Amino acid sequence: MKNGPTVIFREIADKSAFLALMMRHWGSHRMVIGLKLYDCAELPLLGMFTAEGELLAVASWAHDGEIAVLCALHSLKEGEGAASRMLEAVKAAARAAGAVKLRAMLTNDNMPALVFYQKHGFRFSGLYIEAIDAYRSVIPTIIKTGYQDIPVHDALELEIEL
């Protein structure tokens, strides 16, 4: 799929399946990025679909001045390039909205995402020691262990110039 079949990007109105997915994977559909709380239930949800209507990937992002914030990016077809194509669509939409940077926040356990974002040109812009522990006072359902049972404590911020 990397440059394969034609895909369609469109906003998804019914976010219930996406919000359930976020609860299963992260324990919340609210994300603290920097010092700001973003609720994916309140943000537009962009979906990438095959011509036949199969959902391949989703992304939720917000525009905050010159910075666009990627709140969630999830591929439903791992290893086929769907996440990469979705990321490019978000970058294009953010540029069109006037953003000059795209920011993503990861937890310390999320090694697959760390690799993914760095391969796509993102650079470290912040490390927030024990931030996730502090965020649990606002969002108590945030997972305590993540990828390969790594304890989740810290937040890593990455950015890319648009």
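Start with the cysteines: this predicted model holds zero disulfides. A disulfide would need the two sulfur atoms within 2.5 Å. Seen from the other end, Cys71 is in no disulfide either, with the sulfur of Cys40 as its nearest cysteine sulfur. Are these two residues buried or exposed? Cys40 counts as buried because its relative accessibility is 0%. Cys71 is buried as well, with a relative accessible area of 8%.

Next, switch to a cartoon view and pick out the sheet. Seven strands make up this open sheet, and you can walk across it in the order E1-E4-E5-E6-E7-E9-E8. The pairing along the way is mixed. Stop at the two edges: strand E1 (7-11) and strand E8 (123-128) each have a single partner strand, so one side of each lacks a neighbour in the sheet. Look along the sheet, and you will find neighbouring strands turned by 30° against each other on average, ignoring direction.

Now zoom in on E5 and E6. These strands pair in the antiparallel sense, over eight bridges.

Time to go inside. In soluble globular proteins, nonpolar side chains tend to be buried together. Here, the largest nonpolar core has 29 residues. Select Leu70, Leu73, Met86, Val90, Leu102, Tyr117 and Phe122 to show the members with the most contacts inside this core. Colour by element, and you can trace where the core comes from: among those giving two or more residues are strand E6 (67-75), strand E7 (101-107), helix H3 (111-119) and strand E9 (155-161). Which element gives the largest share of this core? That is H2, with seven residues.

Keep Tyr117 selected and show what surrounds its position. Leaving aside residues up to four places away in sequence, Tyr117 touches Leu70, Leu73, Ala104, Leu106, Phe122 and Leu158.

For the last stop, move to a second, separate core of 26 residues. Select Phe18, Val32, Ile33 and Ile139, which are included in this second core.

Key: Residues are numbered from 1 along each chain as its sequence is written. This is a predicted model: local features need pLDDT of at least 70, side-chain atom pairs count only at pLDDT 80 or more; totals for chains, interfaces and linings use all residues. Side-chain values use heavy atoms; hydrogens and water are left out. A nonpolar core is a set of buried Ala, Val, Leu, Ile, Met, Phe, Trp, Tyr and Cys residues joined through side-chain atoms within 4.5 Å. Buried means under 20% relative accessible area, exposed over 50%, partly exposed in between (1.4 Å probe, protein chains only). Helices (H or I, at least four residues) and strands (E, at least two) are DSSP runs, numbered from the N terminus. Contact means heavy atoms within 4.5 Å. Two strands pair if DSSP finds at least two bridges between them. Axes are lines fitted to C-alpha atoms, for helices over the stretch in contact, and angles run from 0 to 180 degrees between N-to-C directions.
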